[in-house]
Amino acid sequence: MARSPDRSRSEAAGWRSRLAAAELVWAATAKGSDLETAMAASGAFRRLEGADRGFARAMASAALRGMGRIDWALGGMVQRPLTDIETPVLALLRVGAAQLWLLNVAEHAAVSATVEAAAKWDAARRGGGLINAVLRRAAREAEAFVSAPVEAVWPDWLAAKLKSALGPARAEALAQLQLEEPSVDLTVRDAADAVDWADRLGGELLPNGSIRLASAAGLADLPGYAEGAWWVQDAAASLPAMLLGDIAGRDVADLCAAPGGKAMQLASRGARLSAVEISAQRMERLRENVARTGLQMDLVQADARSWRPAGPLDAVLLDAPCSALGIVRRHPEGVWRRDPKDLARFPAIQQALVAAAADMLKPGGRLVYAVCTPATEEGRDIVDAAVASGVWRRAPIRAGEIPGFACALTSQGDVLTAPAAAETEAPQTRSDVFYIARLERN
Ligand SMILES: C[S@@+](CC[C@H](N)C(=O)[O-])C[C@H]1O[C@@H](n2cnc3c(N)ncnc32)[C@H](O)[C@@H]1O
């Protein structure tokens, strides 16, 4: 944690970028907006350009990713409960703390520019003295943040759930990962070209064939984007489609297809693909992605629980709707307003979709089941029940099929990607959490 100040960030834009970042944090926390929507709506943010805009986004994102832990530490530095502080002032405090504790911005720049931002924001003007005093103390007492429990980045119910699904060490490693800016992985349409694209884009070629970029800035302007030579897809998210084996010329359905990363993988590997998606709005995103890449597939807007193909299928990919607890680091603002009771509805939908897949497949046909959550009731329990029903048998996944992710194999031959503190160099330590199982129709 003890790092020297980042000069480029220390000298970066003054109060305007801090004000924009605080507006974003305020919109996400006080108004329940997600970060993307907040960026589109914030005048202060939209008036920024280039590096200033990138810096504002980085500050807001760090403040939201680290919010639980920041609040924990700030709580000991303010004489009243944080909930009693005006929400714009609290947003500036969080942005200030994120600069000091997560982004390594030098004290003089972080404090003075954040205090100045308060002076420019009517709703926060009266909080300048408090912000100045608390951030000066925060700069001296970074230990308060370092010693806050890492899992405090999440609400208590989520920390408990992730601990029970992953064990304390991996849950802590996942919380640590959330504090970092998520890297961006790409999947290349023509797998044979991955080395060339890694070179052209200056990315790191991962063992599974994904290309990891250091930053998401200007993605749509990079070579290859417009012609659909690659798409954004976390390395762990690229595994399920690879586990259906040789699908060239085979009849395959992707039952929950939008926005389409996995469907495009299946189509690029030669499947005769039906891409089924219930939501018209999300289907539109799939349509755009398919048009950009020029890949062939039938787009079917339907409820996969009742849709049936014209004839029996060779393989089905079921990337089921789920609680998405394994990708919280990408939308950290959402979990603070989420009601954990809302998660109870997923297992019934997942079971119904597995039953529908059984109806579609030939005997011996393969189902790859995936969810982006480690919650056992949405992953292993669903698959164990399917096997116990006698309709399915497990087709265990082998280490050689998931290059770089061998540590994610479970004793049953399923995959659970999750960071592990002891394996910091392996790619799965920096990927989203996916549970994946492969079944065969009896
Ligand atoms: C986890 S996302 C799929 C991501 C996608 N496979 C990809 O790789 O880009 C789940 C999708 O399933 C869709 N969905 C949910 N219930 C469905 C149903 N009953 N039938 C078809 N699609 C459904 C959701 O609208 C959502 O787009």
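Contact here means heavy atoms within 4.5 Å. The structure is a predicted model.

**Ligand site**

- The ligand is surrounded by 19 residues, and the closest are Gly260, Glu277, Arg282, Asp303 and Asp319.
- Classified by residue type, this shell around the ligand consists of 10 nonpolar, three polar and six charged residues.
- An oxygen atom of the ligand lies 3.3 Å from a backbone N or O atom of Ala258.
- A polar backbone atom of Ile278 is 3.2 Å from a nitrogen atom of the ligand, and a polar backbone atom of Ala304 is 2.9 Å from a nitrogen atom of the ligand.
- On its own, the ligand has 600 Å² of accessible area, of which the protein covers 87%.

**Helix 18**

- Helix 18 spans residues 380-388, and Ile382, Val383 and Ala386 are buried in it.
- Viewed down the axis of helix 18, the buried residues fall within an arc of 95 degrees, so they line one face of the helix.
- In general, an α-helix has 3.6 residues a turn, so residues three or four places apart point the same way.
- The packing partners of the buried residues of helix 18 are helix 17 (346-360), strand 9 (361-371), strand 10 (392-394) and strand 12 (435-441).
- Gly390, which follows helix 18, has a positive phi, near 85 degrees.

**Ser42**

- The loop between helix 3 (35-41) and helix 4 (43-46) contains Ser42.
- The side chain of Ser42 reaches two backbone nitrogens, that of Ala44 at 3.5 Å and that of Phe45 at 3.0 Å.
- When residues up to four places away in sequence are not counted, Ser42 touches Glu23 and Leu24.

**Leu219**

- Leu219 is placed in the loop between strand 3 (211-213) and strand 4 (230-232).
- Leaving aside residues up to four places away in sequence, Leu219 touches Val184, Leu213, Tyr225, Trp230 and Val232.
- Leu219 and Val25 are 194 residues apart along the chain, and their C-alpha atoms are separated by 24 Å.

Key. Residues are numbered from 1 along each chain as its sequence is written. This is a predicted model: local features need pLDDT of at least 70, side-chain atom pairs count only at pLDDT 80 or more; totals for chains, interfaces and linings use all residues. Side-chain values use heavy atoms; hydrogens and water are left out. A residue is near a molecule or strand if one of its heavy atoms lies within 4 Å of it. A polar contact is a pair of N or O atoms within 3.5 Å; within protein, one must be able to donate a hydrogen and the other to accept it, and residues adjacent in sequence count only if both atoms are side-chain atoms. Accessible areas come from the Shrake-Rupley method with a 1.4 Å probe; for residues, only the protein chains shown count as cover. Ala, Val, Leu, Ile, Met, Phe, Trp, Tyr, Cys and Pro count as nonpolar, Asp, Glu, Lys and Arg as charged, and the others, Gly among them, as polar. Buried means under 20% relative accessible area, exposed over 50%, partly exposed in between (1.4 Å probe, protein chains only). Helices (H or I, at least four residues) and strands (E, at least two) are DSSP runs, numbered from the N terminus. The arc is that of the directions from the helix axis to the C-beta atoms.
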